[in-house]
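These are notes for a colleague who is starting to read structures. Please keep the model open while going through the points.

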Amino acid sequence: MTTSTTINHPNFGAIDRDRVIIFDTTLRDGEQSPGFSMNLDEKLRMAEALAELGVDVIEAGFPIASQGDFESVRHIAETVKGPVIAGLARSGREDILRAAEAVKPAERKRIHTFISTSPLHMKYKLRMEPEAVLEAVTRSVALARDFTDDVEWSAEDGSRTDADFLCRCVEAAIKAGATTINIPDTVGYAVPEDIERIFTMLRERVPGADGVIFSTHCHNDLGLAVANTLAAVRAGVRQIECTINGIGERAGNAALEEVVMAIRTRPDAAPYRNGIETTRILRTSKLLSTITGFDVQPNKAIVGRNAFAHESGIHQDGVLKNAATYEIMTPESVGWQKTSLVMGKHSGRAAFRDKLRALGYGDVGDNALNDAFRRFKDLADRKKLVYDEDIAALFDETVVRDHL
Ligand code: KIV
Ligand code: ZN
């Protein structure tokens, strides 16, 4: 295994070993999920937002898939500055030529080519013998290298691939000129121990492994995509493939916002750097929701509307005294304005008093507060959510009725 402190990459130069490349595939794998397709304008807006967010690589699409996808990748390559622009291609010649043409105008470009390597996929999907797959690896990577020095090779269904065969494929890809080696957990089957074992094995056994960047691409079928991604980084992987809001095939891909905030919040457990401007996370997530028409669930980590909302009285009291009691990161650090104290049947008197202050009632006397709080609790038992207007109306009524 390597001991050098930097690794050379055609598009990034000398990269420190603690720097993790953030490869965003919202516009490719994310867009492949049912109902999430985007038109050219929407893809462009999203790509601009991703560049502002600070991702290192934007996988802009799968150019052979359709004329629309080709044009989207091409436009993004022409106009979006900053990140490397990647286009996906299977191992066939036509796919690679199409991807090369689409990413051509980019200042920094990448061709990402893949083929399945698991017994199941080779036998039933590709109907190819392992030796033929191996030849395709060499051929596809070498062809892609004719168009750019930055070539990524992926072993589709890599986590369910025989270890010896995976080593041979990775060695062939490196020899043919791949600079990034991605081992996807295509069907989200792996657990963190599998992921750590696979990458450790590849880095130990494959000749030339210390000269390339290993990459992880985890799907979320068992809800383990983020945990698996962090396990991969622990095993020496330095490129993370992820999507905004975790969108992607079936249960989705590793969510960019979760991986990035895990690294940022736990530098003791994950001492790695990346270039993400975290305060732009929420607006990027919202832009994607607006474009696709799919909001994230309320309890979604980092970007869900309840991620920094507190309803229970005990929690609200704690947060009012010191936010760190129930918040492991500040809402501002990911783009929220502030913690929100949601008023409901679990809320306590301290939060209620605070809410009245926020609504402009100043410091309310104890009697009025107690009466209003009692009525608020009755209301909260009947209504799921109590809005600011309800509280204002209830307080006005209490004061007018009993305390004037
Ligand atoms: O999940 C997967 O295997 C993929 C590859 C095409 C990289 O998306
Ligand atoms: Zn995928």
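1. The UniProt record, in an unreviewed entry, places the feature "binding site" at Asp29, His217, His219 and Asn253. They are spread over 225 residues of sequence, yet they cluster in space, with a largest C-alpha distance of 10.2 Å. UniProt positions follow the numbering used here, feature names are shortened, and annotations may be inferred rather than shown by experiment.

2. This is a predicted model, in which local features need pLDDT of at least 70 and side-chain atom pairs count only at pLDDT 80 or more, while totals for chains, interfaces and linings use all residues. Residues are numbered from 1 along each chain as its sequence is written, and chains are lettered from A and ligands numbered from 1 in the order in which they are written.

3. Asp29 is found in helix 1 (residues 26–30); helices (H or I, at least four residues) and strands (E, at least two) are DSSP runs, numbered from the N terminus. Is Asp29 buried or exposed? Asp29 is buried because 23 other C-beta atoms lie within 10 Å. The cut-offs are 20 or more other C-beta atoms within 10 Å of a residue's own for buried, 12 or fewer for exposed, and partly exposed in between, with C-beta atoms placed from the backbone.

4. Asn253 lies in the loop between strand 10 and helix 10. Asn253 counts as buried because it has 32 C-beta neighbours inside 10 Å. Not counting residues up to four places away in sequence, Asn253 touches, among others, Asp29, His219, Cys242 and Thr243. Contact means that two C-beta atoms, placed from the backbone, lie within 7 Å.

5. Around ligand 1 are Asp29, Phe114, Ser154, Glu156, Pro184, Thr186, His217 and His219. Here a residue is near a molecule if its C-beta atom, placed from the backbone, lies within 6 Å of it. By class, this shell has two nonpolar, four polar and two charged residues. Ala, Val, Leu, Ile, Met, Phe, Trp, Tyr, Cys and Pro count as nonpolar, Asp, Glu, Lys and Arg as charged, and the others, Gly among them, as polar.

6. Helix 10 (residues 256–265) is mostly covered, with eight of its 10 residues buried. The buried residues of helix 10 pack against strand 3 (21–24), helix 9 (225–234), strand 10 (239–242) and helix 11 (281–292).

7. Helix 2 (residues 40–53) packs with helix 11 at an angle of about 170°, and their axes are 10 Å apart. Axes are lines fitted to C-alpha atoms, for helices over the stretch in contact, and angles run from 0 to 180 degrees between N-to-C directions. The two helices, helix 2 and helix 11, are therefore roughly antiparallel; angles under 35 degrees count as roughly parallel, over 145 as roughly antiparallel, 65 to 115 as roughly perpendicular and the rest as oblique. Where they meet, helix 2 supplies Glu42, Arg45, Met46, Ala49, Leu50 and Leu53, and helix 11 supplies Thr284, Leu287, Leu288 and Ile291. By class, this contact has seven nonpolar, one polar and two charged residues.

8. The protein chain has 15 helices and 12 strands. Of its 404 residues, 45% count as buried. UniProt, again in an unreviewed entry, places "domain: Pyruvate carboxyltransferase" at residues 20–282. Over residues 20–282 the chain is 44% helix and 17% strand.
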